[in-house]
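Here are my notes on the model, as numbered points. Please keep the sequence and the coordinates open while reading.

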Amino acid sequence: MKYVNANDILPVSLVEEIQKHVQGVFLYIPKKDKQIRRAVTEYRVELEKRNNRIYKMHLEGMPNRQLADNFSLAQSSIRRILIEQRKRFDKMSDKIKALLLKWNLQNESLTQIYSTVWQIGEDYVLKVYNEPESLKRNITINRHLESMGIPVGKLICTCEGEQYIEDNGQFFFVSTRLQGSNILSLKFGDKIALAMGEIIAKLHIAFDSLEAKIEVWDNSLINEINGWIKESFEASGWQNVSRKDYEAVADKLRNNYDKLQKGLIHRDVHFGNFLFDKGDFSGYIDFDLSQKNIRIFDLCYFSLSVLSEKDKFEINKERWFDFTKNVFAGYNKIISLTNEEKESAVTVMQCIELLFLAYFESQEDTAQAQSSYDVFKFISEHERRITRLLR
């Protein structure tokens, strides 16, 4: 029989639970059948996904106290999880330190600020990609927006003039660091909602002039709904959403899609990609997913990002209605929304949550899939109220 340290194989929360009953002794764990072992494996996978989410939210600025409340854990457990997660990135940090020689930045400090982003000293950031298409899209859009005077990070080429470098299938690029931080440092309320609507609209205006100058990814929400999303639900046996609910939403989108305004959009609009310095907007980041699609996608996506992470922003669902109303009002001050766009906003929100649901199902992330369905259900139940607010 082989003895192993529980800390080496069990999740922190499970070790802590066992320690409530026994400590400092050898504990025999009898073998169980395959079904139970599979359940234990699935449980560990879910814990790992949860721990990844905790670390991501920590990097975004959420304090340990709030993390502990959101995940129903002790703050000591949160600290242990964060220590474990940091260890996973130690090798990547060492790799990046060596690669910084390419930019002659090897003497600068290195701090992880996101799962794929590191701050270099005070003036630069480095981002890691696992495939080149998104990187190239980000660089192209960034450079054009910079030339137009839009606040974005400036690309920093290597000492040999390369825009990015590849190392063992990973891609790295460096840009200047914009001043500011995410919304967690600001007072959350109607003022910021109106401002964000205006900020998104101004980006769309810049995109309109940019679209003719570059080759853009021409995507379509209706094609995604009719294509891989539907195929994913069929493959899962309509596990998390009924075929009836899916078809009702898909039919509404099909009936109105041709009437909706199209253009280049950001596609990943959430507070993490918009920076503020001392309360004032300071810049846009991350155009990895930018594409041609329906214009209100960005507005709907942003509103949903706040709803799905309402605990982070410490707002309730009731306040979310007013927040969304103000986001659309701010946008409408700069770019007039059509009646068709206002009437279709709820349908687009539902489609976005179906997109997330299908994605998380494919990743076997049951917790996030359930969260997406819960948001979908909430939007569906309040369809009339949301539509009235936006008219």
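1. Confidence. pLDDT is the predictor's confidence in each residue, on a scale from 0 to 100. The mean pLDDT of the protein is 87. A value of 70 or more is reached by 88% of the residues. Residues 34–40 fall below 50. Beyond near neighbours in sequence, that stretch has 1 contact in the model, a contact being heavy atoms within 4.5 Å. Where pLDDT is low, the predicted coordinates should not be read in detail.

2. Ground rules. This is a predicted model, so local features need pLDDT of at least 70 and side-chain atom pairs count only at pLDDT 80 or more, while totals for chains, interfaces and linings use all residues. Residues are numbered from 1 along each chain as its sequence is written, and side-chain values use heavy atoms, with hydrogens and water left out.

3. Overall make-up. The protein has 15 helices and 10 strands. These are DSSP runs, numbered from the N terminus: helices are H or I with at least four residues, strands are E with at least two. Of contacts with a separation of 6 or more, 73% join residues 24 or more positions apart.

4. Burial and surface. Of the 391 residues, 46% count as buried. Buried means under 20% relative accessible area, exposed over 50%, and partly exposed in between (1.4 Å probe, protein chains only). The protein exposes about 20,700 Å², by the Shrake-Rupley method with a 1.4 Å probe. Carbon and sulfur atoms supply 47% of that area.

5. Cores. A nonpolar core is a set of buried Ala, Val, Leu, Ile, Met, Phe, Trp, Tyr and Cys residues joined through side-chain atoms within 4.5 Å. The largest has 73 residues. L145, M196, L221, F233, F302, W320 and I379 touch the most other members. Helix α13 (residues 339–362) gives the largest share of this core, 11 residues. A second, separate core has 25 residues, including L82, I96, W118 and I165.

6. L145 up close. Which residues does L145 contact, leaving aside its neighbours within four places in sequence? They are I150, V152, L203, A206, F207, L210 and F287.

7. T387. This residue lies in helix α15 (residues 383–390). T387 is buried, with a relative accessible area of 7%. The C-alpha atoms of T387 and E343 are separated by 6.1 Å, though the two are 44 residues apart along the chain.

8. Helix α4. In α4 (residues 64–71), the buried residues are Q66, L67 and A68. Just after α4, S72 takes a positive phi of about 55 degrees.
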